Amino acid sequence: MGMRKVAVVGAGMTKFVRRAQETPKELSWQATHLALESCEMTMDDIDAVCMGTAPDAFDGIHMKGEYLSNGAGAWRKPYIRSYVGGGTGVFVPIQGWYHIASGLFDVVLVVAEEKMSSYYPHAQGAFLTIFDHTTERPLKPNLLWIFAMEMNRYMTTYGISKEDIAPVSVLHKRNAADHPCALLADPDITVEDVLNSEVLAWPVQRLDVSPVTDGAVTIVLAAEHVAKRVTDKPVWIEGVGWNLDTAYWTNRDLAYPRYVEYAARQAYEMAEIKEPRKEIHIVEPYDPFDYKALHHLEGLQLADRGTAPRLYADGTAARNGNMPVCPSGGLLGVGNPIAAAGLMKVAELFWQLRGEAGDRQVPGQPRRGLAQAWGDLMQVGTVVIMGR
Amino acid sequence: MTINIKHFPGTPLSEKDFSTGKILFNYDELRGDFAWDTGIAIGRYLSGLKAGVLVGTRCPTCRKVVIPPRTVCEWCFRPMDEYVELKDTGTVNTFSLCYVTWDVQRISEPELPAVIEIDGASPLHGIMHVLGEVDPQQVHVGMRVKAVWKLAEERQGAITDIRYFKPFQVTD
């Protein structure tokens with residue numbers, strides 16, 4: 001298709017915290033500064049900036065992309081903000097990728113920021129307006145309803161129990177204990193802890209859910225000729241995919257995310273991957289809830305329908321397993337600042353594939369990884385495949 | 001990173017930092033008032049509710065019957081202008097027992113949201129509503145339910161014209 005090769009050459013992030021003193025602009029700048037420093041670049045090297053951030057309602061600031069622009073280094077540069085809900089964090093690197101693959105730019109900054117704590121009394125309130133104002137909102141729904149009902153449908157369809165799902169939360173929160181930016185790491189958490197935690201919206205319990213979080217992540221993307229000049233360890237973006245299902249969520253198969261399958265197939269085809277279960281060495285599926293990691297692993301074709309819990313039961317998903325899942329600690333462990341959480345997964349693959357993940361390093365010199373996010377009105381899938 | 005970056009930025013705060021005045025902050029309330037037009041298809045849906053009937057639309061191309069009604073079939077991208085009356089009974093596709101409100105306040109009696117596949121609509125096609133007149137522990141996927149309507153004179157053309165769905169036996 002005449003597309004240019006694109007590599008990730010730098011990455012930086014802030015700590016993920018429940019409530020940051022820094023403003024959204026300040027968080028964006030901190031992550032961006034660190035990312036530029038990591039590849040020894042300055043703003044003079046940057047041709048364009050892509051910004052990913054979720055609802056304006058979190059900040060109470062209309063046109064948040066413009067508000068954040070100076071923190072992201074966007075002034076006097078081509079700048080665009082994208083937003084596909086929770087899928088944003090893995091969509092914005094795709095946007096950066098096509099800025100460069102198209103030949104339009106050589107070096108692009110990809111910034112993702114979220115500050116959820118400003119919304120009072122709880123960030124969940126910002127999500128109420130995702131429900132249809134006429135046919136749903138008069139029923140006074142809350143966001144947990146959707147997740148709880150999707151989780152229940154997934155469990156019922158395949159005969160999966162809470163005991164099958166809890167190991168996801170346990171593995172991710174334990175993995176996060178090795179992440180220096182993690183908010184909810186717990187090296188000692190057990191399945192019993194998850195099963196005994198407070199019931200919020202059955203089947204969702206407290207430890208099945210990722211927390212409200214503030215934080216920012218930035219990566220630097222470069223065309224091949226630049227990437228080879230600035231680093232001897234470029235990590236290439238080998239495949240991208242994104243796909244949308246119906247916004248009438250009650251008209252959809254809630255047990256299986258077909259939109260994730262379509263996004264994954266697009267990315268596998270571009271990356272020329274025929275057998276994903278053998279060719280993907282690390283996977284960072286989107287895990288705002290523990291069952292979502294399983295749901296997405298099945299959509300990504302990395303497990304048969306209804307069988308993803310086995311990856312956790314037999315050790316395949318462990319950091320030293322055959323296909324480590326969320327070695328970062330994921331959203332459940334590191335935290336879930338919506339857009340920044342997805343880009344954190346891309347940054348994790350960058351560090352893992354370069355062998356720079358420190359205590360979190362997956363053994364065996366992994367060659368290829370996949371990051372995925374999900375969002376909008378529960379029906380967008382975004383996928384990036386990276387390799388070295 | 002972890003091996004190349006020694007210090008990560010970001011300063012965590014606690015609730016105490018606010019209550020003790022360590023952190024200065026500005027509190028404000030934003031308010032927006034709206035009047036949403038119902039549109040063509042949802043207008044029909046609401047007038048159906050006022051009359052005590054659930055209305056869906058049928059796609060002449062793929063023959064799918066959907067609820068709530070819409071003017072375009074999102075699968076075929078063809079007009080969907082055949083309105084059909086559906087039954088006010090259905091099957092619980094999924095549900096939750098929810099013990100928290102929208103602002104994460106705890107409640108002792110759970111709310112019972114459910115997706116209900118409406119009889120006469122295509123498989124897996126449902127609406128979100130709530131269940132009532134049922135022991136929360138008895139609710140299950142596959143349970144047959146029927147709409148409990150407000151009295152005709154109280155109905156306003158709103159989704160809340162159905163108070164809730166309750167279990168029913170075929171012999172009822």
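Strand 5 of chain A and strand 5 (residues 97–100) of chain B pair in the antiparallel sense, with two bridges between them. Helices (H or I, at least four residues) and strands (E, at least two) are DSSP runs numbered from the N terminus, and two strands pair if DSSP finds at least two bridges between them. Within this pairing, W202(A) stands opposite L97(B) in strand 5 of chain B. The model is predicted: local features need pLDDT of at least 70 and side-chain atom pairs count only at pLDDT 80 or more, while totals for chains, interfaces and linings use all residues. Residues are numbered from 1 along each chain as its sequence is written, and chains are lettered from A and ligands numbered from 1 in the order in which they are written.

The interface places 53 residues of chain A in contact with 44 residues of chain B; two residues are in contact if their C-beta atoms, placed from the backbone, lie within 7 Å. On the side of chain A that touches chain B, at least two residues each come from strand 1 (6–13), helix 1 (24–38), helix 5 (143–158) and strand 5 (199–202) of chain A. Helix 5 of chain A gives the most to this side, with seven residues. By class, the side of chain A that touches chain B has 24 nonpolar, 19 polar and 10 charged residues. Ala, Val, Leu, Ile, Met, Phe, Trp, Tyr, Cys and Pro count as nonpolar, Asp, Glu, Lys and Arg as charged, and the others, Gly among them, as polar.

E136(A) lies in the loop between strand 4 (107–115) and helix 5 of chain A. E136(A) is buried, with 21 other C-beta atoms within 10 Å; a residue is buried if 20 or more other C-beta atoms lie within 10 Å of its own, exposed if 12 or fewer, and partly exposed in between, with C-beta atoms placed from the backbone. Not counting residues up to four places away in sequence, E136(A) touches F131(A), P141(A) and, in chain B, M128(B).

Chain A holds an open sheet of nine strands in the order 3-2-4-7-1-8-11-10-9, with mixed pairing. Strand 3 (79–82) and strand 9 (282–284) of chain A are at the edges; each has a single partner strand, so one side of each is left without a neighbour in the sheet. From one strand to the next, the twist averages 25°. Axes are lines fitted to C-alpha atoms, for helices over the stretch in contact, and angles run from 0 to 180 degrees between N-to-C directions. Five bridges join strand 2 (residues 48–52) of chain A to strand 4 of chain A in the parallel sense, and G52(A) stands opposite A112(A) in strand 4 of chain A. Helix 9 (residues 258–270) of chain A lies across strand 8 (235–244), strand 10 (368–375) and strand 11 (380–387) of chain A, at about 145° to strand 8 of chain A.

Two helix pairs of chain A were examined. Helix 6 (residues 162–175) and helix 11 (residues 290–299) of chain A pack at an angle of about 100°, with their axes 8 Å apart. These two helices of chain A are therefore roughly perpendicular to each other; angles under 35 degrees count as roughly parallel, over 145 as roughly antiparallel, 65 to 115 as roughly perpendicular and the rest as oblique. I165(A), A166(A), V168(A) and S169(A) in helix 6 of chain A meet D290(A), Y291(A), A293(A) and L294(A) in helix 11 of chain A. The residues of this contact divide into six nonpolar, one polar and one charged.

Helix 4 (residues 88–101) and helix 14 (residues 338–354) of chain A cross at roughly 60°, and their axes come within 6 Å. Helix 4 of chain A and helix 14 of chain A are therefore oblique to each other. Residues of the contact include T88(A) and V92(A) of helix 4 of chain A and A341(A) and K345(A) of helix 14 of chain A. By class, the contact of helix 4 of chain A with helix 14 of chain A has nine nonpolar, three polar and one charged residues.

Chain B has two helices and 10 strands. An open sheet of three strands in chain B has the order 2-1-3, with antiparallel pairing. Its edge strands are strand 2 (65–66) and strand 3 (82–86) of chain B, each of which pairs on one side only. Strand 1 (residues 54–58) of chain B runs antiparallel to strand 3 of chain B and is joined to it by five bridges.
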